[in-house]
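Hi,

Here is the structure I promised to send over. Have a look at it first, and my notes on what turned up follow below.

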There are 2 protein chains.
Amino acid sequence: MRIPQSVSRGLLLATVLLTAAVAWGAEPGGEGSYSDPVAPVLLELAVVLVIAKLSGALFLRGGQPAVLGELIGGVLGGNALLLWGHTPASAVAQGGLLAAWGGLVQDVLAHGGPLDILARVGVVLLLFTVGLESDIGAMLRVGPSSLLVATVGVVCPFVLGFFVSQQLLPGGPHHPLIHVFIGATLCATSVGITARVLQELGRLNQDESRIVLGAAVIDDVMGLVILAVVAGMIGAEGGGEPLTAWGIARICGLAVGFLVVAVLLGRWMAPRVFRIASRLLGDGLLVVTAFAICFLLAGLAGVVGLAPIVGAFAAGLLLDEVHFEDFRQQGVPHRLEELVEPVAAILVPLFFVQMGMSVDLRTFANPAVLGFAVVLTAAAVVGKQACGLAVLGRGLDRLSVGVGMIPRGEVGLIFASIGRSLTLGGERVIGDNANAAVVIMVIVTTMLTPPILAWTLRRGDARRSRSGVAAAGEQDAGEG
Amino acid sequence: MRIPQSVSRGLLLATVLLTAAVAWGAEPGGEGSYSDPVAPVLLELAVVLVIAKLSGALFLRGGQPAVLGELIGGVLGGNALLLWGHTPASAVAQGGLLAAWGGLVQDVLAHGGPLDILARVGVVLLLFTVGLESDIGAMLRVGPSSLLVATVGVVCPFVLGFFVSQQLLPGGPHHPLIHVFIGATLCATSVGITARVLQELGRLNQDESRIVLGAAVIDDVMGLVILAVVAGMIGAEGGGEPLTAWGIARICGLAVGFLVVAVLLGRWMAPRVFRIASRLLGDGLLVVTAFAICFLLAGLAGVVGLAPIVGAFAAGLLLDEVHFEDFRQQGVPHRLEELVEPVAAILVPLFFVQMGMSVDLRTFANPAVLGFAVVLTAAAVVGKQACGLAVLGRGLDRLSVGVGMIPRGEVGLIFASIGRSLTLGGERVIGDNANAAVVIMVIVTTMLTPPILAWTLRRGDARRSRSGVAAAGEQDAGEG
């Protein structure tokens, strides 16, 4: 990708202008200055988007998923100041571009600040799109194999993660619930990365793929329930009264009940709501109705004490193309996914860059943290290999199923970000050390999956062609 | 629009569930509660969107612009608590739904809070789309008539508004710059409302329409420059040193210079940036590139002390369909406007509902405020009638030109919202009284325009058909 000279000249000129403008604008109390609180938010959002897209494109070119580039771009961006011997906080006092960059990193990471809120809306939209792409009917049909694979794939990494954290998490002693939480970050499979690899290899209709994708979706639901229970236990513990068995059952029931009631009631109401909306006059009613349902359910989930992503996922599940028929008859030409896409395209990368920036590379100066990250990653990989053993039926490529379940991606990161905002006895549930280890675990599991999965699938083909007709017959039966 | 029984039953059930959930969730320190700062933001955003779309649809059905419905929906929503004898602040202490509603109104109006930031992003996107729809070439071609009409249409209302405010603004004595600011809120014409009326009547290609639309766009630019100068004068005055003539010239030069440099440099760079972006790998690169340019210029405008909307408007002006050719060749099927639309559809209504909510109807209990609002509105209408006299050329319908310039719409509201966040000697530049009067002025001028314009255009037709062939010849010449 050769960049023509005129472009490089233009970029240079723009950079000079930008620097001059920033330097001039930073002059405090300049004559007739006017300040709008949205201006720094927009400027920083633009910078984050450029980082995200450039590093995402770089990783795609290297055959890696874009999300990995966004994460690593965030890690580098968040730690770039170390090259000048500064932390974001110390850089802000310096003035000039160092201060601007330090301010950017601080603003992106500020809990509850404008950019943090936008990143959280991004996560809500991400789970909304995951829900939109999940099909409840197909989930119910993939049947016992997926359910068993998902259950094993949740229990094994959870138990392994708990023990690894208990033995190795630096800076102890820690409250046992912290280890429970770290175990929980290993549970959920990132369906997106595996799905993309399978799609690129043209394997989406193979039995193994159906099992993995079905299990990954069930994993998401189980992960959300576990998150609700663990977060609830931490909240109760922090309030001074440890959760009773009845309390745990109540949160469990609440999470499952919320999903079931939201989806059942929603599937019944959504066509009616969309029919009303399609009769209203006005622009953008399809997209506004869909977003309002998503925001409403996400907000209600928050109100009943669940994570907003549970509600957003439920909203995605219950919305179905069928509901938009009334709009389509009016000639509204878009699919809902296409309308959500531009909004998600701006906000979702912000979340991944934010997660990358939350990793403080100095934590790895402590060998114990690095060791913890390595063993946690190993636990994440090994824990999911048990999934292969849970596959029902003969002649299936169990290794590919296990490998397909490895990537953690967004859901592990969402758990970590939630853990960073929970406290237990004044200590953050996911502190800097644990956070760095979890992000590294996500990065490594995501990087490992595409090459290994391509290799195990080819290996599976070779074995299948050797065992010949019998396996083919079995596959046909599986298709029925 | 008959609502079937099943829907009303469903809505009832949903409301009961929602109320129960809110009441239960509001119980403080509930066992195992978990809170995410994004949850209330999403819930309140969903409620605001429902208010905006329902009231917008109601007004469209009554032949009025949707924006009017959003504004009035905001006024009613913001003042609904008065029926129970509460202000938002006093309602929050009550618990239950009253508290939830009071919290909603407070959160929507909180300066720099998450919903305020989202509304400000909405305004930035609104000006971005206005810029996208404006064509610099066409603006330059409409020529002297539009420029003269625009200048007269800025100067007359400004002077009238200044004197009305000086004589009648209740609660004085006020700083003279406050009257200057109120005069400035009367300057800019809302091109959107007039354009929609002309479009519905099939008149967009009539000479009068071209003059009005061209003048409205020039008005926007002049308005932005005036805003920059007045805000700069207020900032300098607040800093203790009144602005010198050199300071005024500098701000003026900065605003015009920023627009010119951004547009010229941007038009040269944008095709190159888009060509680079089109060669990158990744999803949503067109929309992210466009938004990044918009956010960058809006943020830079803020950094150099201008309103972010100036930068957003410049970004819209410089982006041109031509730049996306590289993307279109790759089969990216969207026009940029279509990609901005879903984002704007969520955030722009939030701004108008927020503006409506900022009106405290109790201010009108003071007859002086009501009187001020009435006279200010009259000044806004009368001030633009001078525009008709500035039309060059014979045989044109001068009355329609004057009437077409009446609506103030979004730009007046944006000025008012900026005035609310500026202070001068401890007093808000746009206080509650002035704010209420400006919003009423915007509502009334917007409501008056469609019926009066339809009437003056018919009257113009009648006169033209009476004067016969001569006028037709002139119109042909005008088309050339």
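The buried residues of helix 19 in chain A run as follows: Gly409(A), Glu410(A), Val411(A), Gly412(A), Leu413(A), Ile414(A), Phe415(A), Ala416(A), Ser417(A), Ile418(A), Gly419(A) and Arg420(A). That is 12 residues out of 12, so helix 19 of chain A counts as mostly covered because buried means under 20% relative accessible area. Please keep in mind that this is a predicted model, and every value here is computed from it.

The length of that helix checks out too. Helix 19 of chain A covers residues 409–420, and at 1.5 Å a residue its 12 residues should span 16 Å. Its end C-alpha atoms sit 17 Å apart, which agrees.

I did the same check on helix 11 of chain A, residues 207–238. Its 32 residues should span 46 Å at 1.5 Å a residue, and the end C-alpha atoms are 46 Å apart, so the two agree. Of those 32 residues, 24 are buried, so helix 11 of chain A is largely enclosed by the rest of the structure. Just after this helix comes Gly240(A), with a positive phi of about 100°.

Now chain A as a whole. There are 21 helices and two strands in chain A. Its length is 480 residues, and 56% of them are buried. If you take the contacts in chain A with a separation of 6 or more, 77% are between residues 24 or more positions apart. Chain A exposes about 18900 Å², with carbon and sulfur atoms supplying 65% of that area.

Which residues have the most contacts inside the largest nonpolar core? They are Phe295(A), Leu319(A), Phe295(B) and Leu319(B), in a core of 265 residues. I looked at Phe295(B) in more detail. Leaving out residues up to four places away in sequence, Phe295(B) touches Leu42(A), Leu43(A), Leu45(A), Ala46(A), Leu49(A) and Ile346(A) from chain A, plus Leu125(B) from chain B.

How many cavities of 30 Å³ or more does the structure hold? There are nine, and the largest cavity contains about 220 Å³ of space. Its lining is made of 20 residues, and those nearest its centre are Leu118(A), Val343(A), Leu347(A), Val343(B) and Leu347(B). Several helices each supply at least two residues of that lining: helix 2 (38–61), helix 6 (114–133), helix 13 (285–303) and helix 16 (336–357) of chain A, along with helix 6, helix 13 and helix 16 of chain B.

- Ala307(B) is placed in the loop between helix 13 (285–303) and helix 14 (308–318) of chain B. Its relative accessibility is 5%, so Ala307(B) counts as buried. Ile418(B) is 111 residues away from Ala307(B) along the chain, yet their C-alpha atoms are separated by 8.6 Å.
- Ile443(B) belongs to helix 20 of chain B, residues 432–467. With a relative accessible area of 8%, Ile443(B) is buried. Apart from neighbours within four places in sequence, Ile443(B) is in contact with Leu68(B), Leu71(B), Ile72(B) and Val75(B). Between Ile443(B) and Leu60(B) there are 14 Å in space, C-alpha to C-alpha, and the two are 383 residues apart in sequence.
- Gly113(A) sits in the loop between helix 5 (96–109) and helix 6 of chain A. Gly113(A) is buried as well, at a relative accessible area of 14%. From Gly113(A) to Val41(A) it is 9.7 Å, C-alpha to C-alpha, and they are 72 residues apart in sequence.
- Buried or exposed, or something in between: what about Pro40(B)? At 42% relative accessibility, Pro40(B) counts as partly exposed. Pro40(B) is part of helix 2 (residues 38–61) of chain B.

Cheers

How values were computed: Residues numbered from 1 in each chain as written. Chains lettered and ligands numbered in written order. Predicted model: local features only at pLDDT ≥ 70, side-chain atom pairs only at ≥ 80, totals over all residues. Heavy atoms only, no water. Helix = DSSP H or I, 4+ residues; strand = E, 2+ residues; numbered from the N terminus. Buried < 20%, exposed > 50% of the residue type's maximum accessible area, 1.4 Å probe, protein only. Expected span 1.5 Å × (residues − 1). Contact = heavy atoms within 4.5 Å. Areas by Shrake-Rupley, 256 points an atom, 1.4 Å probe, with all protein chains shown as cover. Core = buried A, V, L, I, M, F, W, Y, C linked by side-chain atoms within 4.5 Å. 1 Å grid on protein atoms, 1.4 Å probe; cavity = no way out; pocket = protein on both sides within 12 Å on 5 of 7 lines; lining within 4 Å. Points joined across faces, edges and corners; volume = space filled by probe spheres on them.
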